[in-house]
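Here are a few friendly notes to read alongside the model. Have a look at it first, then go through the points below.

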Amino acid sequence: QTHLLSLSLQAKMSRPVQARRLEGIDKNIWVEFVKLAATYSTVNLGQGFPDFPPPDFLKEAFVRALSGENHMLHQYTRAFGHPPLVKILAQFFGKLLGRDLDPMTNVMVTVGAYQALFCCFQAFVDDGDEVIIIEPFFDCYEPMVKMAGGMPVFVPLRPKAPKDGKLMSSADWQLDPAELASKFSDRTKAIVLNSPNNPLGKVFSRGELEVIADLCVKYDVLCISDEVYEWLVYDGKEHIRIASLQGMWDRTVIIGSAGKTFSATGWKVGWTVGPNRLLQHLCTVHQNSVYHCATAAQEAVAQGFQRELKLYGKPESYFVQLPKELQQKRDWLVQSLDAVGMKPIIPEGTYFLVADISEFKSDVADVPDSDEPYDSRFAKWMVKNKGLAAIPLSAFYCGAHKNNYNHFIRFCFAKEEATLKAANDILQKWKREKTNP
């Protein structure tokens with residue numbers, strides 16, 4: 001009897017419990033590297049969050065929302081976005097895009113940009129649909145496409161060496177227009193565009209965006225435009241919104257983030273902006289998953305945008321001040337890395353800077369035929385032995401291409417001056433050890 005019971009239990013338990021759509025996407029770079037950084041690092045330039053506070057006006061707005069007379073800010077609000085927030089987002093992005101936006105049908109608020117992405121893939125991608133992803137890419141795009149049943153199709157930005165021994169810029173990483181065109185077909189449902197790009201910091205030029213837009217129109221392809229770093233652009237560069245190009249408004253979903261816009265990544269307030277013909281399907285996914293985002297955080301973000309609309313383009317605008325501060329931080333880290341021979345690629349935007357670790361290969365031996373890319377082993381060695389955390393660039397490539405760009409690591413420079421100084425101290429000490437072993 002017991003033996004039969006045991007056999008019947010084994011038979012039941014041999015059936016897989018997880019859905020097929022989870023196969024091969026269980027590993028996550030952030031889970032692994034966040035744990036390593038927490039265990040070993042004295043300076044964490046890995047994960048992309050500021051270690052400085054959001055602006056006072058935003059914190060004060062949140063405090064008012066929590067402690068003020070309006071007790072309804074502790075309750076549910078409208079599922080697709082708190083009315084004051086969608087109203088100001090429609091005004092603000094209407095101004096930027098030069099069109100009248102309806103707050104109720106052209107804007108949807110999400111739990112961070114991450115959920116906005118998830119809604120897009122779930123709403124638009126069917127089994128077998130192809131989705132073009134530009135490499136290097138923010139790592140969640142690939143598993144989210146696969147979970148929706150789609151087929152990711154990868155096209156790389158290819159680096160061109162700069163002349164005169166100058167430092168490379170993120171602008172030197174470019175799409176080959178013919179290679180990009182070869183990836184479009186009748187099976188292509190969407191392309192994911194991330195400008196400014198994480199991890200490179202590349203800001204796509206108008207010419208580059210026009211090449212993408214022309215192909216989207218020609219093949220009737222949607223564009224999921226991840227623009228979370230839209231305000232973090234340096235050296236007088238301009239962030240151009242692909243939805244503003246001819247033929248693109250009707251096929252583009254713009255994704256934004258209060259986390260990156262107002263340096264409050266833990267608030268998890270994001271949004272989508274686009275035509276109702278697309279957003280209505282995102283709403284269906286949203287109402288059947290999270291349903292609703294935190295009311296008080298939405299109220300505070302709405303007040304932040306109300307302030308910024310009044311100050312738009314003025315020197316005291318946070319959207320003008322933050323990139324100035326971050327450009328300075330970028331330049332400090334560029335100098336620190338360059339001084340020790342870890343060649344930085346100067347980013348035109350974002351929180352991030354990618355550096356070439358080729359000159360440090362003597363510190364971490366290569367293991368031929370290893371499944372793990374070299375930069376991943378280097379980054380793990382660096383956090384354990386030097387106390388400095390960064391993320392391997394190979395984490396931002398698909399499995400087949402991980403070893404093509406495996407001598408780069410990504411640093412986050414959206415940090416306090418003291419954090420960047422501590423990183424510089426580690427790098428200088430490391431250089432001295434290399435020079436006088």
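Which residue of β4 does I134 stand opposite? I134 stands opposite V155. Before going on, note that this is a predicted model, where local features need pLDDT of at least 70, side-chain atom pairs count only at pLDDT 80 or more, and totals for chains, interfaces and linings use all residues. Numbering starts from 1 along each chain as its sequence is written, and side-chain values use heavy atoms, without hydrogens and water.

1. Strands β3 (residues 130-135) and β4 (residues 151-156) pair in the parallel sense over 6 bridges (pairing takes at least two DSSP bridges; strands are DSSP E runs of at least two residues, helices H or I runs of at least four, numbered from the N terminus). In β4, 5 of the 6 residues are buried (under 20% relative accessible area; exposed is over 50%, partly exposed in between; 1.4 Å probe, protein chains only).

2. D375, in helix α13 (residues 374-386), is worth a look. D375 is buried without a salt bridge (a side-chain nitrogen of Lys or Arg within 4 Å of a carboxyl oxygen of Asp or Glu). The nearest side chain of opposite charge, K402, is 8.2 Å away (Lys and Arg count as positive, Asp and Glu as negative; His and the chain ends are not counted).

3. Please check the loop between β7 (188-194) and α8 (206-219), which holds P196 and P199. The S195 to P196 peptide bond is cis, with omega near -10°, and a cis bond also joins N198 and P199, with omega about 25°.
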